Amino acid sequence: MSLATRKARIPRLSRFGWLMGLYAENHARFARLFPSAVLEVGTYHSSVGDGLDLQLDVIERHPYTTELRLTYAMRDPVTGEQDPSAYLRLYHDARQLEVTNCYVGRRWQDVIGMYPPAAEVLDHRTRMNTFLGKWLEYLAERGHGVATLRPVDAGTSTGGRDEKNLAANA
């Protein structure tokens with residue numbers, strides 16, 4: 001068997017396949033930090049005493065997906081937007097977590113234009129989701145997680161559950 005034949009038998013991962021793998025890794029990282037089954041629609045804060053309080057917004061829950069926003073509780077002085085901020089779509093059945101929009105000073109249209117080629121969209125999504133993976137790793141290293149997560153308004157954000165129940169149900 002020649003070296004050329006042996007190389008041809010090794011399957012290659014496409015860029016799209018790589019992106020789907022990144023979505024799966026991000027889902028696993030997020031699930032270790034914030035089990036989505038215990039999070040109802042509302043706003044949650046996580047503080048570990050480092051001055052960078054995390055805010056997690058559960059925007060909407062559907063049977064197979066949950067829409068989320070992950071950000072620090074600080075604002076960009078120029079735009080007034082929370083920065084950095086990542087809008088996420090959690091796919092429960094597929095066990096994937098996708099960044100749909102990542103605000104770090106600019107919107108995706110400002111970065112890649114209104115009608116970008118497919119390869120450029122794929123590259124942009126890969127960069128956003130790589131950023132999310134690194135951010136989730138950093139949050140875990142700092143100690144953020146379900147034990148530090150508190151609903152902003154326990155009476156309305158979690159449907160009446162108190163903070164102790166949030167951690168106990170994780």
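Reader: How many residues apart are Phe-131 and Trp-135 in helix α4?

Author: First the general idea: an α-helix has 3.6 residues a turn, so residues three or four places apart point the same way. In this predicted model, Phe-131 and Trp-135 are four residues apart in helix α4, about one helical turn. Helices here are DSSP runs of H or I with at least four residues, strands are runs of E with at least two, and both are numbered from the N terminus.

Reader: What should the 25 residues of helix α4 span?

Author: The expected span of a helix is 1.5 Å times one less than its number of residues. For α4 (residues 118-142) that gives 36 Å, and the end C-alpha atoms are 36 Å apart, which agrees. Just after α4, Gly-143 has a positive phi of about 105°.

Reader: How do I read a pair of aromatic rings?

Author: You describe the pair by the distance of the centres and the angle of the planes. Rings of Phe, Tyr and Trp (its six-membered ring) pair if their centres lie within 6.5 Å; planes under 30 degrees apart are stacked, over 60 edge-to-face, and the rest tilted. There are three aromatic pairs in this structure. One of them is Tyr-72 with Trp-135, a tilted pair at 5.4 Å centre to centre and 50° between the planes. Tyr-72 sits in strand β3 (residues 65-72) and Trp-135 in helix α4, so this pair ties together parts 63 residues apart in sequence. Phe-131 and Trp-135 also make a tilted pair, because their ring centres are 5.4 Å apart and their planes meet at 35°.

Reader: Which residue has a positive phi although it is not a glycine?

Author: That's Arg-95, with a phi of about 55°. You'll find Arg-95 in the loop between β4 (85-91) and β5 (96-103). Arg-95 counts as exposed because its relative accessibility is 56%.

Reader: What should I know about the numbering and the values?

Author: Residues are numbered from 1 along each chain as its sequence is written, and side-chain values use heavy atoms, with hydrogens and water left out. As the model is predicted, local features need pLDDT of at least 70 and side-chain atom pairs count only at pLDDT 80 or more, while totals for chains, interfaces and linings use all residues.

Notes: Buried means under 20% relative accessible area, exposed over 50%, partly exposed in between (1.4 Å probe, protein chains only).
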